[in-house]
Amino acid sequence: LRGDGNMSENRLLKPSMRTVIYSRVSTDAQERDGTSLDTQERACIEYAQAKGWVEVETVRDTASGSDLDRPGVERVRELLNRGLVDVVLAYAVDRLSRNQIHIAVLLDDIERADATLEFVTEDFQNTPVGRLILNVRAFAGEVEREKIAERTMRGKLERARAGKLPQGTGKGCYGYRYNSETGRREKDSFQAVIVQRIFQRYIESRSFSRVSNELNEAGVPAFLGGQWYPLTIRRILMSE
């Protein structure tokens with residue numbers, strides 16, 4: 001089970017995968033939680049052995065599942081950050097955390113480490129909690145993309161109102177040069193003459209190819225210093 005946005009299995013979990021086993025019980029409620037640390041750990045070890053995975057480390061927490069600031073969780077995140085883990089394995093979703101937001105945070109860490117998230121007792125993708133977290137993460141990602149797009153457009157509008165180029169670059173406009181200090185294009189005297197020549201020769205010849213061939217034969221460099229092409233001539237003629 002891959003820890004990505006769609007939870008799709010983009011790669012098979014292969015033998016020899018480096019696995020960290022995580023177990024947790026509440027401080028004062030080990031019996032109420034239903035499984036002891038030993039029980040969870042034993043089930044995870046058997047699960048990993050059946051898969052042929054290599055156990056890198058077993059991590060234990062005796063803490064509330066509502067708190068992400070736990071020594072065991074910090075150790076798991078450290079191993080992920082160091083690139084030492086391919087699989088994070090726990091007995092069940094609620095052993096990792098009872099807080100959906102916390103699981104989403106840990107899932108992001110797992111994604112960045114190109115690792116996977118597995119549970120002994122359940123298929124995370126098909127649990128109510130799993131589906132909820134995936135939907136929340138997808139929604140959060142969509143909201144963030146909308147925010148970025150809105151900020152980008154707002155910045156472009158402000159530049160335009162100030163008489164500057166919206167995209168803040170001068171690339172792609174033959175006949176002008178970009179002044180980074182003013183944020184505007186200024187006419188390039190040499191290229192301006194070539195643009196006038198292009199318009200004049202097209203009026204006379206009605207041929208994009210003929211105009212481009214004449215510029216190449218005369219040794220006039222195109223915008224990036226290369227050759228002229230009929231399509232380039234057409235674009236200049238069509239650019240208001």
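What follows is a short exchange about the terms used for this predicted model.

Author: Local features need pLDDT of at least 70, side-chain atom pairs count only at pLDDT 80 or more, and totals for chains, interfaces and linings use all residues. Residues are numbered from 1 along each chain as its sequence is written, and side-chain values use heavy atoms, with hydrogens and water left out.

Reader: What makes a run a helix or a strand, and how many are there in the chain?

Author: Both are DSSP runs, numbered from the N terminus: helices are H or I with at least four residues, strands E with at least two. The chain has nine helices and six strands.

Reader: Why are Y174 and W228 called an edge-to-face pair?

Author: Rings of Phe, Tyr and Trp (its six-membered ring) pair if their centres lie within 6.5 Å; planes under 30 degrees apart count as stacked, over 60 as edge-to-face and the rest as tilted. The centres of Y174 and W228 are 5.0 Å apart, with 80° between the planes, so the pair is edge-to-face. Y174 sits in the loop between α6 (128-161) and β5 (176-179). W228 sits in the loop between α8 (208-217) and α9 (230-238), 54 residues apart from Y174.

Reader: Why is the pair of Y202 and F208 called stacked?

Author: Their ring centres are 5.0 Å apart and their planes lie at 10°, so the pair is stacked.

Reader: What makes F208 partly exposed?

Author: Buried means under 20% relative accessible area, exposed over 50%, partly exposed in between (1.4 Å probe, protein chains only). F208 has 26%, so F208 is partly exposed. Y174 and W228 are both buried.

Reader: How do you know that the buried residues of α3 line one face?

Author: G72, V73, V76, L79 and L80 are buried in α3. Seen down the axis, the buried residues fall within an arc of 120°, so they line one face of the helix. The arc is that of the directions from the helix axis to the C-beta atoms. The face turned away carries the exposed residues P71 and N81.

Reader: What makes a set of residues a nonpolar core?

Author: The set holds buried Ala, Val, Leu, Ile, Met, Phe, Trp, Tyr and Cys residues joined through side-chain atoms within 4.5 Å. The largest such core has 21 residues; V20 and V76 are among those with the most contacts inside it. Apart from it lies another core, of 13 residues, including W228.

Reader: Which residues is V20 in contact with?

Author: Contact means heavy atoms within 4.5 Å. Leaving aside neighbours within four places in sequence, the partners of V20 include E57, V59, V76 and L79.
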